[in-house]
Each structure stands twice: as structure tokens, then as C-alpha cells.
Amino acid sequence: MRLIFVDDSIAFDGFTPSAQPLGGAEKSLARLAVSLAARGHSVEVYNRCQGMVNAQGATWLPFESDRPTLADAVIALRKPELLDFVAQPRRRILWMNGAVSELEAPRAKAALADLSRPNVVFFAGWQRNRWQNPGGNTTRVIAPGIAAEFVSDTAMDPADPPRAIATAHPLAGVDWLIKMWVAKIRPQVPNAELHLFSATLDRAQLGEAVAPEIRPIADLLKTAREHGVVVRWPLPDPAMADEYRRARVLLHPGFADETVGLHLLEAQATGLPVVTRVTSPIAEERVHDGQTGVIAKNNDAFAAAAVNLLNDKIAFNLMSSNASSTRRGRTWPVVAAEWEAMLD
């Protein structure tokens, strides 16, 4: 099949996840494109790349390139208005990673009401459950896959002192997490460290200009350093997999409209348990409570779960083993096969 992916967010291609950090939705597109190409499909991705790139069998072209007129499927990431990028596709598919409210905008409604009746593929089940789907479009939920770097047989090698990791966006509850760490977690594990991977916060601590809403979080970090909080620049997949294997827990504050949660799956696949909050709708879809991590019902439960994994090696080893054995089977080739079956 000839498959056309379209995205107008940022510049990236099929090599990017191995070379630099990338958001979950963009990384998913990169991984799926090359995995479908490996299955023998003709795959083209039109996005904000600077020039044509052939990445592991998939061709990446600048968004402004001449548009194709025919395809077996055009797959638009997030924006329904991109569904007309190809004039005569056999099928149109919206791959939706944004908030469901975005589908209620007039332009989105018009695109989804097109006579071709575009299908909608969601990253998470809660998205589909919340969408009223007034036009009766066919919907499907396909969770993202996990790259090879995270499912290798490399053993966990937890650092000493014990280390927690967080990779959430600064405005997605990181201020709450810092306060929790300082007040409830670090006092019970006095030598533990919390490594926050954030480009924005890294720039802020170096004195660079950041958005006004980031400044209060940057101010929190000035005193949090005394409590073992370390801000670091995000890493590409191979290096991030190594970081997960050096930690004892991934602490995830979560937020109301979270849809992808790919990093939660990747961390668990390496053997790193996740502690998150019940207020995050993605939690139940990405974490098996009590097995691969903990979905905390309140602040005290969150802190207790984090402390337990940081302090108790037996508890950590058991949950780590469950996490890796449960998650590592869902690789991107497996996900590509699911997409292929849907497209046939």
C-alpha cells in the first residue's frame, strides 16, 4: 500500500528518536512510519523537515512539496484539516493525539463530515469514550509501541544513591511534584535524588528567558536543589533507556488531557516502575496498578509508593520484573501489524 502521513508541527524524521529527544506523538509517527515501511509498504511523510530524507525505508518530504494525488491512505496527525492533503486517497484517517474538544471546532467538524467519512484512530481509549462522534465516524484505539532500545535484554542497574526520574512537561504538574518530593518523599529517603528531564527548566536554571508561567517553577527549583532535585536536558531514546535502567521509579504527575503516555510504556519496558495519579486519565491505560506501578488515589499514597520503591529493593525488584515482562511485547512492529490489518 501507498501510505501518506501528514504533520505540520516540528521538523523531525525517522532518524530523530535515536539522535535527539522527541515528543510522544511525533516519536510515534516516526516509529510507525519506518515499521510500516519494513513491512513492505510505500511510506511517505510530509512534515516540517528541511529536505527529503530516506529513513529506514520511509521517505520524508518537506510540507511544502508537491502534494500527491493518489494514495491508499492519508493519515493526518492531530489536525482534521490535513485530511485533504491528498486529493484522491482510498481512505482518510485522523490520528488523534490532542484533546477531544479540538474535534468540536467548526473546521474539524467539517473535515470529519466529509463524504469519505474519515476514520479516527485514538492513542487512548478515554479520548474515544469522551467524543460524542456526531457524524458516526468509524473509530479505533491503537496504543503506541515501544522501541527496541527499551526492550533489550540489558539488565537494570539502579544507581546509589537511589534515583527517581520525571519527564513531564513543566506545566503538567511538575510544581506539585517538586513540592511532594521536598515535603513528603525526600525526608523519608534522605539521600535520594529526583532527576527532572526538561529542556525548558534546564534553560531557566541557566538564566535564559522562559515563559512567565514557568518562572514560579524555576524559583521552586532554587531551593529544591538542596533536596536532591537535579534538572537535566532531555535525551534521545538510547540514552534515555540507559537512564531508566539506573533509576528506581518514574514519578509522573499526569494531567487531565494526556493522550499518548509513551514514556510511561517505555519506562516500564526497561523495568522501571511508574508512580502516577488517578487524576491522570491515561493512568489506567498505561499502568497496571500494583503490578507495573502504582496509580495513587491521593498525595499520601503517591508519596508512600515512591518511598517504598526507593527504599525497598525487594519491592522494587518484584515490580521491575513485572513491568518489563508485561510491557516489552508491544513493540512497534506489533503496532504496525495492527495498523496494517485496519488498513486492509
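Buried means under 20% relative accessible area. The views below are taken from a predicted model.

**View 1. Tilted pair of Y46 and F85.** Y46 has 4% relative accessibility and therefore counts as buried. F85, at 2%, counts as buried too. The rings of Y46 and F85 form a tilted aromatic pair, with 5.0 Å from centre to centre and 50° between the planes. Y46 belongs to strand β2 (residues 42–47) and F85 to the loop between β6 (73–77) and β7 (88–89), so the pair ties together parts that are 39 residues apart in sequence.

**View 2. Tilted pair of F5 and W95.** A search of the whole structure finds 9 aromatic pairs. In one of them, F5 and W95 lie 6.5 Å apart centre to centre, their planes at 55°, which is a tilted arrangement. The pair ties together parts 90 residues apart in sequence, because F5 is in strand β1 (residues 2–6) and W95 in strand β8 (residues 92–96). F5 counts as buried at 0% relative accessibility, and W95 counts as buried at 2%.

**View 3. Ring cluster of F5, W95, F123 and W339.** These four residues are linked into a cluster by ring pairs.

**View 4. Packing of helices α6 and α12.** Helix α6 (residues 174–185) packs against helix α12 (residues 299–311) at about 65°, and the axes are 10 Å apart. That angle makes α6 roughly perpendicular to α12. The crossing is right-handed. On the α6 side, the contact is made by W176, L177, M180, W181, K184 and I185. On the α12 side, N299, D300, F302, A303, A306, V307 and L310 take part. By class, this contact has 10 nonpolar, 1 polar and 2 charged residues.

How values were computed
Residues numbered from 1 in each chain as written. Predicted model: local features only at pLDDT ≥ 70, side-chain atom pairs only at ≥ 80, totals over all residues. Heavy atoms only, no water. Axes fitted to C-alpha atoms, helices over the stretch in contact; angles between N-to-C directions. Helix = DSSP H or I, 4+ residues; strand = E, 2+ residues; numbered from the N terminus. Parallel < 35°, antiparallel > 145°, perpendicular 65-115°, else oblique. Left-handed = near helix turned anticlockwise from the far one by under 90°. Contact = heavy atoms within 4.5 Å. Nonpolar A, V, L, I, M, F, W, Y, C, P; charged D, E, K, R; others polar. Phe/Tyr/Trp six-rings, centres within 6.5 Å; stacked < 30°, edge-to-face > 60°. Buried < 20%, exposed > 50% of the residue type's maximum accessible area, 1.4 Å probe, protein only.
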